[in-house]
Amino acid sequence: MTQADKLRTLLAEPGLITMPCCFDPLSAKLIEQAGFPLSFMSGFATAAARLGMPDTGLMSYAEVLDQGRNICNAVSIPVIGDGDTGYGNALNVKRTVKGFAQAGFAAVMIEDQVAPKRCGHTAGKSVVSRDEAFERIRAAADARAEGHDILILARTDARHEHGLDEAIERAREFRRLGADILFVEAPRDEGEMRRICDELDGPKMANIVEGGLTPALPPHELEAIGFKIAAYPLTLMAAAMKAMAQALEAFKTGTPAPDALMSFDEMKTRIGFDAYFEEEKRYAESR
């Protein structure tokens, strides 16, 4: 099965897909090792990890693609990639979709923000016109139709400037144009989340940012409302940053406590040393 086929299978199965988001190959491997069937390369977390900078459109297409290729090569589970605004006009969108498919992504997210885009839960974002937004999704669907096996996750941030009615209308048209998954970013309360699921067809994704604009409802409530995917874009990054900050503070008075650290043996296993040495031994024995 292709990665896109794996995602199609997941979407066809009953129940909510809990999707922790990754930012590099190691975080993606940890997600797979924990038994989760799907991940998403978070633009916010990847910009922080790769550049040490905010998610404000500073990462280029080539940088995103490079990071994504390494992530997809590190795991066997499907990964959704953040294609931002498509990096330009409709032809750029087509190139983005083609590149993400070739990199190994199962799906690509294309959104309707003005470039340079911003994290959906921070200030200063705005969206392009309906016509331009629809053109992006149409171009993405055309790229898929030209033989690139990848799903399209269509995102709208119109709720921020124009209200939920506009966001739902845009998402409805995205679906008609061929989007496989819909994502209305930053609904403000449970009532808005219910409207999104009640009024839109197909799989919907909820984006749960701890401390963000959308209520962090538990997974069973998200499933009951009608969401198919619950994305957690910053949980692992926040956990890693807190742990590293605490370890650095501990260094100021000595060293971090052993129980705050993963053991060296477990680190080696999770990174892949054991599997590497086993395969190395197999080739050595064949001489």
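Colleague: Which residues in α3 meet which residues in α4?

Modeller: Thr 46, Arg 50 and Leu 51 in α3 meet Glu 63, Asp 66 and Gln 67 in α4. Contact here means heavy atoms within 4.5 Å. This is a predicted model, in which local features need pLDDT of at least 70 and side-chain atom pairs count only at pLDDT 80 or more, while totals for chains, interfaces and linings use all residues. Residues are numbered from 1 along each chain as its sequence is written, and side-chain values use heavy atoms, with hydrogens and water left out.

Colleague: How do α3 and α4 pack, and at what angle?

Modeller: Helix α3 (residues 43-51) and helix α4 (residues 61-74) pack at about 95°, with their axes 11 Å apart. That makes α3 roughly perpendicular to α4, a label for angles of 65 to 115 degrees. Axes are lines fitted to C-alpha atoms, for helices over the stretch in contact, and angles run from 0 to 180 degrees between N-to-C directions.

Colleague: Why is Thr 85 called buried?

Modeller: Thr 85 has a relative accessibility of 5%, and buried means under 20% relative accessible area, exposed over 50%, partly exposed in between (1.4 Å probe, protein chains only). Therefore Thr 85 counts as buried. Thr 85 lies in the loop between β3 (79-82) and α5 (90-103). Leaving aside neighbours within four places in sequence, the contacts of Thr 85 include Val 93, Glu 111 and Arg 136.

Colleague: What makes Arg 194 partly exposed?

Modeller: The relative accessible area of Arg 194 is 37%, so Arg 194 is partly exposed. Arg 194 is placed in helix α9 (residues 190-199).

Colleague: How many helices and strands are in the chain, and why is the chain called as compact as a globular protein of that length?

Modeller: The chain has 13 helices and 8 strands; helices (H or I, at least four residues) and strands (E, at least two) are DSSP runs, numbered from the N terminus. The chain's radius of gyration is 20 Å, close to the 19 Å that the globule rule gives for 287 residues, so the chain is as compact as a globular protein of that length. The radius is taken over C-alpha atoms, and the rule is 2.2 Å times the number of residues to the power 0.38.

Note on methods. Parallel < 35°, antiparallel > 145°, perpendicular 65-115°, else oblique.
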